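Subject: Structure for your files

Hello,

Here is the structure I said I would pass on. My notes on what was found follow below the model.

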Amino acid sequence: MRKFVRGNEAVMIGAVYAGVDAYFGYPITPASEIAHAAAEYLPCLGKEFLQAECETGSANMMYGAASAGKKVISASAGPGMSLMQEGLSYLAGAQLPAVVVDIMRAGPGLGNIYPEQGDYDQAVKGGGHGNYKCIVLAPASVQEMCDLTILAFDLAFKYRNPAVVLADAVLGQMMESLILPEKVSDVPDTDGWAVKGRKETKDNLIFSIYLDADRQEAHNFLLNKKYEEMKKDARAESYLTEDADVILTGYGTSARIARSAVDVLREKGIKAGLFRPITLSPFPAKELNACATGKKIVVVEMSNGQYRDDVVLHLENKEQVTLFNRMGGNLPKVADLVGVVEKAAEGKA
């Protein structure tokens, strides 16, 4: 079955098919339609929708519900995500699964409501305090806004870790045809760790504080081991990279623009291809090196080189990397990108 929907609505459709129990959040442009859809869908299904007093409150509400093994989700944009960072750190420290959707807008500060990708480091590097990582998924279509929300829940519960769906205002507001999932996800087994609140059983204690330095260190080593395991779920997509001389790489809306540029470049006789990470954390380093080694690379992003820095970091051989970026809500243009790639192919970029 197909439905013509906005990207933000597709998020909640995915959450419903993932078996979500509750939405806690505070409205903010350009993510508010996610809350609107949650308020429409969840009460009809006997699920919980609660507009929190602020983003900080919504993150702590997720912590409480996740402690009981419930599937919880929230959504926001850059300023709201900044307020949720302490809660995400607590969720990661307590090894609790939760999904947060970040519909990025221009910053820093209040910025404006136009699309940007400036929240990359905040999401991928762990914007809160301490040594932790979130799982970060990067959709590039309305279909993936739904599908990767489902995957975010699956990975969050697999690793007992918060997951972020990192999109931007273009993807949140655009409308495309969505193929609805075939079935609702199974209820995860949480008996081994979730607080049950039953008198006849011994309740678990969920916390992220260790007053002894050795225990805190051991806990951090345990988390690091888990983050290494997460690398097995790194995912990426390649397009016409097998014979390419120049690799374009970007995520989200930038990847869509880069793919169009690849088609134009091919028509001009320039062998270009696209590498698109689907998981930004864990980063698909193996997949990147498999298609990019020995080739010129043009990074396309709507931020100040945050994604470029990770591309360079994960390359085994530091080939020439060219950055083509726009900010402030300005989208990269295919024609401009084609010009940059042409210069890179000639060794002039």
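The chain, a predicted model, has 13 helices and 14 strands. Its C-alpha trace spans about 70 × 50 × 40 Å along the principal axes. The radius of gyration is 20 Å, which agrees with a compact globule, because a globule of 349 residues would have a value near 20 Å.

Domains

Contacts between them involve 31 residues of domain 1 and 25 residues of domain 2.

The area buried between domain 1 and domain 2 comes to about 2200 Å², and carbon and sulfur atoms account for 51% of that area. On the domain 1 side, Q117, Y120 and A138 lose the most area to domain 2; together these three make up 32% of what that side buries.

Polar links across the interface

Between domain 1 and domain 2 there are 18 residue pairs in polar contact, counting pairs with both residues at pLDDT 80 or more. The interface also has three salt bridges by the rule used. As for a salt bridge in the chain, E144 pairs with R276, and their closest N and O atoms are 2.8 Å apart.

Which elements of domain 1 each supply at least two residues of the side that touches domain 2? They are α6 (120-124), β6 (135-137), α7 (142-159), β7 (162-168) and α8 (169-173). By residue class, the side of domain 1 that touches domain 2 consists of 19 nonpolar, four polar and eight charged residues.

E176

One residue is worth a separate look. E176 sits in strand β8, which covers residues 175-179. A polar atom of the E176 side chain lies 3.0 Å from the backbone nitrogen of V142. V142 is also among the residues in contact with E176 once neighbours within four places in sequence are left aside; the others are K3, F4, V5, S141 and R256.

If you open the model, two places to start are the E144 and R276 salt bridge and the E176 side chain with the backbone nitrogen of V142.

Regards

Key
Residues are numbered from 1 along each chain as its sequence is written. Side-chain values use heavy atoms; hydrogens and water are left out. Contact means heavy atoms within 4.5 Å. Buried area is the accessible area (1.4 Å probe) that two parts lose on being put together, summed over both. A salt bridge is a side-chain nitrogen of Lys or Arg within 4 Å of a carboxyl oxygen of Asp or Glu. A polar contact is a pair of N or O atoms within 3.5 Å; within protein, one must be able to donate a hydrogen and the other to accept it, and residues adjacent in sequence count only if both atoms are side-chain atoms. Helices (H or I, at least four residues) and strands (E, at least two) are DSSP runs, numbered from the N terminus. Ala, Val, Leu, Ile, Met, Phe, Trp, Tyr, Cys and Pro count as nonpolar, Asp, Glu, Lys and Arg as charged, and the others, Gly among them, as polar. The radius of gyration is taken over C-alpha atoms; the globule rule is 2.2 Å times the number of residues to the power 0.38.
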